[in-house]
Amino acid sequence: MERVYIGLGSNLAEPERQLREAVQAIAALEQSTLLAVSPFYASDPLGPSDQPRYVNAVAALATALEPLDLLDALQRVELTQGRERKAERWGPRTLDLDILLFGDRLIAEPRLQVPHYHLHARAFVLYPLADVAPADLRLADGRSLAQLLAECPFAGLERLDQEPAIPTDEPR
């Protein structure tokens with residue numbers, strides 16, 4: 001089993017409900033165990049500013065699935081929850097699920113880049129990741145989460161929950 005971190009985001013069709021349903025679907029994935037989910041955060045949208053704010057979170061998962069199999073499963077969850085893939089980059093969406101980190105793997109596939117590209121510049125990913133990852137987490141490319149956080153201000157974020165969406169007793 002490898003530890004995987006998945007970014008969740010939504011700004012359409014009741015975003016907090018979308019994330020809660022996505023967490024339930026992730027928890028039900030075969031050969032996988034949901035370990036933790038960060039609190040939800042509201043964030044300003046990337047790209048067009050004439051869209052609603054996003055709600056974001058990060059889930060920690062232990063899985064025996066291979067990376068592309070997990071990607072396929074996550075894309076099925078997105079489709080089930082009404083995701084429409086349009087040409088507009090960074091446009092509004094019901095659900096976006098991204099594999100951020102996959103164990104200690106560096107992955108460069110046409111369909112999947114791990115660590116997730118732009119992870120280092122996205123506060124709406126880094127701060128929820130810090131809620132569920134070990135404090136000394138190092139990405140497979142050698143960068144530390146602590147350094148990424150130090151270089152990416154909390155600006156534009158609002159923490160919506162005071163407690164994690166799914167508490168866990170497992171050590172991070």
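This is a predicted model: local features need pLDDT of at least 70, side-chain atom pairs count only at pLDDT 80 or more; totals for chains, interfaces and linings use all residues.
**Entry: overall layout**

I went through the elements and got 4 helices and 8 strands. Read from the N terminus, they come in the order β-α-β-β-β-α-β-β-β-α-α-β. The chain has 172 residues, and 47% of them count as buried. I also checked how far contacts reach along the chain. Among contacts with a separation of 6 or more, 71% are between residues 24 or more positions apart.

**Entry: strand β4**

Next I went to β4, residues 54–63. How many of its residues are buried? I got 10 of the 10, so the strand is largely enclosed by the rest of the structure.

I then sorted its side chains by direction. Tyr54, Asn56, Val58, Ala60 and Ala62 point one way, while Val55, Ala57, Ala59, Leu61 and Thr63 point the other way. Both sets are buried.

Which strands pair with β4? I noted these:

- β1 (residues 2–10) pairs with β4 in the antiparallel sense, over 9 bridges. Gly9 stands opposite Asn56 here.
- β2 (residues 32–37) runs antiparallel to β4, with 5 bridges between them. Ser32 has Thr63 as its bridge partner.
- β3 is also antiparallel to β4, joined by 3 bridges. Ser43 sits opposite Tyr54.

**Entry: Asn56**

I stayed in β4 for a closer look at Asn56. Is Asn56 buried or exposed? Its relative accessibility is 5%, and the cut-off for buried is under 20%, so Asn56 counts as buried.

What does its side chain meet? I found a polar contact with the side chain of Ser43, at 2.6 Å. Leaving out neighbours within four places in sequence, I listed the contacts of Asn56 as Leu8, Gly9, Leu19, Pro39, Phe40, Tyr41, Ser43 and Phe124.

**Entry: aromatic rings**

I searched for ring pairs and the count came to 2. Tyr41 and Phe154 make an edge-to-face pair, 6.2 Å centre to centre with 70° between the planes. Why call this a tie between separate parts of the chain? Tyr41 is in β3 (residues 41–43) and Phe154 is in the loop between α4 (145–150) and β8 (157–159), so the pair ties together parts 113 residues apart in sequence.

I checked burial for both partners. Tyr41 is buried, at 3% relative accessibility, whereas Phe154 is partly exposed, at 38%.

The other pair is Tyr127 with Phe154: the centres are 5.1 Å apart and the planes are at 90°, so I put it down as edge-to-face. This pair also links distant parts of the chain, with Tyr127 in helix α3 (residues 123–132) and Phe154 in the loop between α4 and β8, 27 residues apart. Tyr41, Tyr127 and Phe154 therefore go into my notes as one aromatic cluster, since rings pair when their centres lie within 6.5 Å.

**Entry: helix α3**

I wrote the buried ones down as Ala123, Phe124, Val125, Leu126, Tyr127, Pro128, Leu129 and Val132. One of them, Phe124, is in contact with Asn56.

**Entry: nonpolar cores**

Which residues touch the most other members of the largest nonpolar core? My list is Leu8, Ile26, Leu70, Leu74, Leu97 and Ile99, out of 28 residues in that core. At least two residues each come from β1, α1 (15–27), β2, β4, α2 (67–80), β5 (96–102) and β7 (112–114). The most comes from α2, which gives 5 residues.

I picked Leu97 to see its surroundings. Not counting residues up to four places away in sequence, Leu97 touches Ile6, Gly7, Leu8, Ala22, Ile26, Leu74, Val77 and Glu78.

There is another core, apart from the largest one, with 24 residues; among them are Ala123, Leu129, Ala133 and Leu137. Ala123 and Leu129 are on my list of buried residues of α3. As background, nonpolar side chains in soluble globular proteins tend to be buried together.

Methods:
Residues are numbered from 1 along each chain as its sequence is written. Side-chain values use heavy atoms; hydrogens and water are left out. Rings of Phe, Tyr and Trp (its six-membered ring) pair if their centres lie within 6.5 Å; planes under 30 degrees apart count as stacked, over 60 as edge-to-face and the rest as tilted. Buried means under 20% relative accessible area, exposed over 50%, partly exposed in between (1.4 Å probe, protein chains only). Two strands pair if DSSP finds at least two bridges between them. A nonpolar core is a set of buried Ala, Val, Leu, Ile, Met, Phe, Trp, Tyr and Cys residues joined through side-chain atoms within 4.5 Å. Contact means heavy atoms within 4.5 Å. A polar contact is a pair of N or O atoms within 3.5 Å; within protein, one must be able to donate a hydrogen and the other to accept it, and residues adjacent in sequence count only if both atoms are side-chain atoms.
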